[in-house]
2 protein chains.
Amino acid sequence: VVVDLLGVLAYGELTAFNRLAVDAALAPSLTGRAALSEMAAAEIGHFQKLRAYLTSLGADPEEAMAPFVRPVDDFHDSTAPRSWLESLVKAYVGDGIAADFYREVAALLDDPTRALVLEVLSDTGHADFAVREVRAAIAEDPTVAGWLSLWARRLVGEALSQAQRVAAERQTLVELLVQDADLSAVAAVFSRILAAHAERMATLGLNA
Amino acid sequence: VVVDLLGVLAYGELTAFNRLAVDAALAPSLTGRAALSEMAAAEIGHFQKLRAYLTSLGADPEEAMAPFVRPVDDFHDSTAPRSWLESLVKAYVGDGIAADFYREVAALLDDPTRALVLEVLSDTGHADFAVREVRAAIAEDPTVAGWLSLWARRLVGEALSQAQRVAAERQTLVELLVQDADLSAVAAVFSRILAAHAERMATLGLNA
């Protein structure tokens with residue numbers, strides 16, 4: 001189960017790297033392209049740590065990631081940004097939700113695994129840039145906010161639908177999440193994640 | 001002139017990052033995708049050092065890079081790999097020639113700038129992976145060698161033609177290269193770079 005969790009996290013980081021690097025081409029300035037590229041590069045550092053840990057557990061990182069290739073790729077294929085602002089919202093909102101989710105899961109893990117997961121999540125940073133750019137775009141043209149709010153809702157919807165697919169196929173992951181926890185505790189996890197998402201949307205100047 | 005040189009180097013690193021990250025999608029395995037992604041991530045570290053140094057010189061990194069956007073982009077557009085092996089040869093051969101070129105130029109620079117350029121060039125690494133993959137592909141199907149040799153020749157040809165364009169537009173860069181050096185010294189630089197290129201081609205199992 002730990003290998004499953006680290007596998008989806010590792011593949012998520014590797015893919016986030018590749019997608020952010022591609023999205024960087026949408027940047028209107030070299031400064032913007034550099035900023036998104038640096039966000040991407042941070043993900044590869046996380047990937048390396050997760051891969052090393054998987055190997056130390058005796059797992060094959062490629063095998064650990066394999067079950068999650070399709071759902072993660074499908075998520076990204078169905079949410080390919082068509083503009084620079086869409087790519088910034090996706091980077092900021094997507095990173096935020098993923099980090100919150102893994103932080104909740106980390107609480108259920110053994111000490112060394114939890115320490116690794118929290119370390120991987122801690123040094124994302126670079127988010128200030130996305131917030132600044134999105135807010136500036138909304139200040140310049142307020143109609144942008146409605147469209148980006150819809151975009152963020154689509155991101156969350158697609159993420160949930162892929163997560164459900166994974167949950168249906170990997171019962172053990174679900175059992176980890178609900179082990180010695182009643183359903184109200186699970187509900188509390190989701191409401192914490194959604195509250196944090198709403199806060200991030202407000203930070204961007206968007207409606208959740 | 002130093003700003004020009006650091007500008008083209010910085011833009012080259014940023015672009016190498018974005019292109020390698022895109023090429024990583026061609027990888028036949030997650031291990032290969034991760035390896036090329038890690039090569040890409042190393043370039044962004046170099047970019048960050050060059051940008052910080054440009055800023056410390058009082059230069060605007062975006063302005064310093066601007067004159068080189070077209071030639072560098074044109075080089076990459078005209079040499080977009082159509083297969084995983086082409087992308088590996090491009091990464092290995094392209095990185096190698098660029099590093100040799102900057103090393104030669106570094107000898108002409110002041111001490112702190114030279115130290116930075118050499119540092120940026122030193123920790124590329126990751127090349128073993130490309131060499132291993134290309135050699136394995138040739139071992140499996142020797143006809144691959146002829147096609148990849150032609151590909152490498154095209155890469156060198158396109159690189160030279162873009163370099164000539166830059167040279168024609170940025171006379172000061174050329175003057176730096178030939179300052180207090182007679183033409184035979186310049187010829188010696190080129191023959192050293194080409195000799196090193198031929199060695200790398202041999203390492204891959206290809207003809208220069």
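How many residues does the contact take from chain B and from chain A? I looked this up at the outset, noting that the model is a predicted one. The contact takes 26 residues from chain A and 26 residues from chain B.

**Entry 1: the interface between the chains**

I recalled that the size of an interface is often given as the accessible area lost when the parts come together. For chain B and chain A I found about 1,900 Å² buried between them, with 59% of it on carbon and sulfur atoms.

I then looked up the salt bridges between chain B and chain A, and the count is two. I recorded a salt bridge in which the side chains of Arg51(A) and Glu38(B) meet, at 2.9 Å from N to O.

**Entry 2: a helix pair across the interface**

I next examined helix α1 (residues 2–23) of chain A and helix α2 (residues 30–56) of chain B, which pack with their axes 11 Å apart and at an angle of about 50 degrees. That angle makes α1(A) oblique to α2(B). I noted the crossing of α1(A) and α2(B) as left-handed.

Which residues of α1(A) meet α2(B)? I listed Tyr11(A), Leu14(A), Thr15(A), Phe17(A) and Asn18(A). Their counterparts in α2(B) are Leu30(B), Arg33(B), Ala34(B), Ser37(B), Ala40(B) and Ala41(B). I sorted the residues of the contact of α1(A) with α2(B) into seven nonpolar, three polar and one charged.

**Entry 3: a helix pair within chain B**

I turned to helix α4 (residues 69–78) and helix α8 (residues 143–169), both of chain B, whose axes come within 9 Å and cross at roughly 160 degrees. α4(B) and α8(B) are therefore roughly antiparallel to each other, and I recorded their crossing as right-handed.

From α4(B), the contact draws on Arg70(B), Pro71(B), Asp74(B), Phe75(B) and Ser78(B). From α8(B), I noted several residues, among them Arg154(B), Leu155(B), Glu158(B) and Arg165(B). The residues of the contact of α4(B) with α8(B) divide into five charged, five nonpolar and two polar.

**Entry 4: salt bridges**

Over all chains, I found that the structure holds 18 salt bridges. I looked up the one between Arg19(A) and Asp77(A), in which the closest N and O atoms are 3.0 Å apart. Arg19(A) lies in helix α1 of chain A and Asp77(A) in helix α4 (residues 69–78) of chain A, so the pair ties together parts that are 58 residues apart in sequence.

Methods: Residues are numbered from 1 along each chain as its sequence is written. Chains are lettered from A and ligands numbered from 1 in the order in which they are written. This is a predicted model: local features need pLDDT of at least 70, side-chain atom pairs count only at pLDDT 80 or more; totals for chains, interfaces and linings use all residues. Side-chain values use heavy atoms; hydrogens and water are left out. Axes are lines fitted to C-alpha atoms, for helices over the stretch in contact, and angles run from 0 to 180 degrees between N-to-C directions. Helices (H or I, at least four residues) and strands (E, at least two) are DSSP runs, numbered from the N terminus. Angles under 35 degrees count as roughly parallel, over 145 as roughly antiparallel, 65 to 115 as roughly perpendicular and the rest as oblique. A crossing is left-handed if the near helix is turned anticlockwise from the far one by less than a right angle, and right-handed if clockwise. Contact means heavy atoms within 4.5 Å. Ala, Val, Leu, Ile, Met, Phe, Trp, Tyr, Cys and Pro count as nonpolar, Asp, Glu, Lys and Arg as charged, and the others, Gly among them, as polar. Buried area is the accessible area (1.4 Å probe) that two parts lose on being put together, summed over both. A salt bridge is a side-chain nitrogen of Lys or Arg within 4 Å of a carboxyl oxygen of Asp or Glu.
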